[in-house]
Amino acid sequence: MALSNIEKESKYIYRIRKTGSMKVDAVVLSDYETIDEDAVEQIKNVATLPGIVHYALAMPDIHWGYGFPIGGVAAFDIEDGVISPGGVGFDINCGVRMLVVEGHSNLVKDNLEVIIQRLYEAIPVGVGERSEKKFSRKEFKEIVEKGAKKVIELGYGYQDDLERIEDFGCIRECDFSNVSEEAFERGKDELGTLGAGNHFLEVQEVAEVYDEEVAKILGVEKGMITVLIHTGSRGFGHQIATDYIKLMRDNLKEHNKNLPDKQLINAPFKSDWGQKYYSAMNCAANYAFANRQIITHLIRKVFKTVLGVNVRVIYDIAHNIAKVEEHVVDGKKRKLVVHRKGATRAFGPGNDVLPEIFKRTGQPVIIPGSMGTASYLLVGTKKAEEMTFGSTAHGAGRALGRREATRELSTERVLNELKSKGIKIMAKSKKGIVEEAPEAYKDVDKVVQIVDELGISLKVAKCIPLGVMKG
DNA sequence: ATGTCC
């Protein structure tokens with residue numbers, strides 16, 4: 001790979017010194033072999049944006065995305081910095097929630113086929129798939145302004161679930177009046193649906209525990225059955241991203257005239273357009289928290305009905321979002337707009353925003369693997385707060401583009417490989433199976449090893465898949 | 001990711 005101007009700073013830390021219009025350095029946390037040149041070009045572009053602070057960062061799962069790379073973290077000064085839809089991603093608050101099933105694991109294993117089947121029947125999955133449940137416009141507004149809390153009030157889950165969700169499942173700086181009618185129309189029938197692409201629902205087993213004490217506090221033990229939900233804000237968030245990319249393009253021509261890449265379209269955070277996008281984006285973030293909450297409720301119903309067992313929430317994280325946070329930069333506390341696109345918040349022990357239960361451990365971090373590979377539960381660290389604006393990786397990261405994967409892999413082979421590992425799969429589309437094949441992704445074990453070794457999040461447990469459901 | 005192009 002011909003990466004120019006990249007310096008090895010230490011193991012897994014590579015720095016690209018600022019040149020040209022870059023305002024800060026770019027830093028890539030990865031092993032050299034897997035760094036993709038196009039994605040490095042993107043992180044260098046991000047470093048040119050107004051008000052960027054300290055450095056533009058890339059996590060070990062970095063790969064090419066719309067404008068900003070996926071696996072990217074960029075923090076902007078709240079006063080003279082910007083907010084960019086491309087720095088959040090189209091699937092606003094795409095994220096992961098981990099659940100644990102109470103009762104003996106063999107009960108689930110012996111009934112796996114029926115459990116997967118029932119989950120498949122209970123949770124709408126696939127492109128454009130609608131929910132049976134219809135919410136009124138008034139309810140919908142409250143859901144996108146109050147997030148998981150509102151759907152819990154409507155009967156989808158328990159009050160206790162809330163402290164097990166990042167930001168308690170609600171981002172307050174939101175305003176439904178900044179959401180288009182079209183976004184509402186697309187979103188109103190999709191609450192409680194999984195979607196397609198890399199979204200999935202997986203039944204897993206805790207195969208290994210690296211830190212017994214922390215695992216116990218988080219609520220997992222070796223041998224337990226977990227369920228992982230990976231989904232986001234569906235057509236609702238997608239439409240909000242689309243709307244504001246266009247609005248910023250039409251209304252902020254002068255501000256955006258010197259962009260190295262049109263896809264980096266952005267607005268000054270404190271400007272009208274910046275605030276409008278921020279408040280609409282947060283509606284989508286709340287929608288996604290509510291979506292994962294409703295899906296949790298549907299999963300609980302299946303496990304209760306089929307096996308008579310309860311399901312608890314371990315944690316729910318966002319990995320496509322921009323947030324206002326306080327961080328210490330060069331010894332000074334500053335208010336920043338932190339963009340995490342394919343990156344997970346990883347706040348450490350003692351952080352003020354965490355609930356009591358996680359004050360000792362740091363916040364739980366969930367890093368899912370690709371279909372048929374392991375997923376990890378970790379905790380955030382002080383080191384992440386010092387080094388990465390409190391961030392870590394979000395997954396395996398694509399190695400092959402969707403088109404490449406479709407060309408190079410066969411559905412049959414992917415299915416046979418899953419079968420040979422004893423993994424049950426229910427999938428809506430054949431196309432999805434090849435696009436999401438393990439071979440299309442980097443090695444999640446390696447990504448997790450790197451973030452753990454860097455100390456920006458620490459391994460707690462590893463879960464291996466038993467059954468998976470996909471769009 | 002996505003009513004896989006307005």
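Helices (H or I, at least four residues) and strands (E, at least two) are DSSP runs, numbered from the N terminus. On a 1 Å grid over the protein atoms alone, a pocket is an open set of points with protein on both sides within 12 Å along at least five of seven lines, while a cavity is a set of points where a 1.4 Å probe fits but cannot get out; lining residues have an atom within 4 Å of a point.

The model is predicted, so local features need pLDDT of at least 70, side-chain atom pairs count only at pLDDT 80 or more, and totals for chains, interfaces and linings use all residues. Residues are numbered from 1 along each chain as its sequence is written, chains are lettered from A and ligands numbered from 1 in the order in which they are written, and side-chain values use heavy atoms, with hydrogens and water left out.

**Exercise 1. Find the element that gives the largest share of the lining of the second largest pocket, and sort that lining by class.**

Step 1: Start with the space itself, about 890 Å³. A volume here is the space filled by probe spheres set on the grid points, which are joined across faces, edges and corners.

Step 2: Look around the centre. The lining has 27 residues, and Asp167, Val324, Glu325, Phe347 and Val353 come closest to the centre.

Step 3: Check the elements. Strand 12 (320–329), strand 13 (332–341) and helix 11 (382–387) each give two or more residues. Strand 12 takes the largest share, with 6 residues.

Step 4: Sort by class. Ala, Val, Leu, Ile, Met, Phe, Trp, Tyr, Cys and Pro count as nonpolar, Asp, Glu, Lys and Arg as charged, and the others, Gly among them, as polar. That gives 9 nonpolar, 3 polar and 15 charged residues.

**Exercise 2. Describe the lining of the largest cavity.**

Step 1: The count comes to 1 cavity of 30 Å³ or more. The largest cavity has a volume of about 40 Å³.

Step 2: Its lining includes Glu163, Asp167, Tyr315, Arg345 and Val353. By class, the lining of the largest cavity has 6 nonpolar, no polar and 4 charged residues.

**Exercise 3. Work out which residues of helix 3 are buried and which are exposed.**

Step 1: Buried means under 20% relative accessible area, exposed over 50%, and partly exposed in between (1.4 Å probe, protein chains only).

Step 2: In helix 3 (residues 112–122), the buried residues are Leu112, Ile115, Ile116, Leu119 and Tyr120. They sit on the same side of helix 3 because they cover an arc of only 135° around the axis. This arc is that of the directions from the helix axis to the C-beta atoms.

Step 3: Turn to the other side of helix 3, where Glu113 and Glu121 are exposed.

**Exercise 4. Trace the partners of strand 5.**

Step 1: Strand 5 (residues 70–77) has 7 of its 8 residues buried, so the rest of the structure largely encloses it.

Step 2: Two strands pair if DSSP finds at least two bridges between them. Strand 4 (residues 55–63) pairs with strand 5 in the antiparallel sense over 3 bridges, and Leu57 stands opposite Val73 in strand 5.

Step 3: Strand 4 and strand 5 form a hairpin with 6 residues between them, and Gly67 in the turn has a positive phi of about 75°.

Step 4: Strand 5 also runs antiparallel to strand 13, joined by 6 bridges. Here Asp77 stands opposite Leu336 in strand 13.
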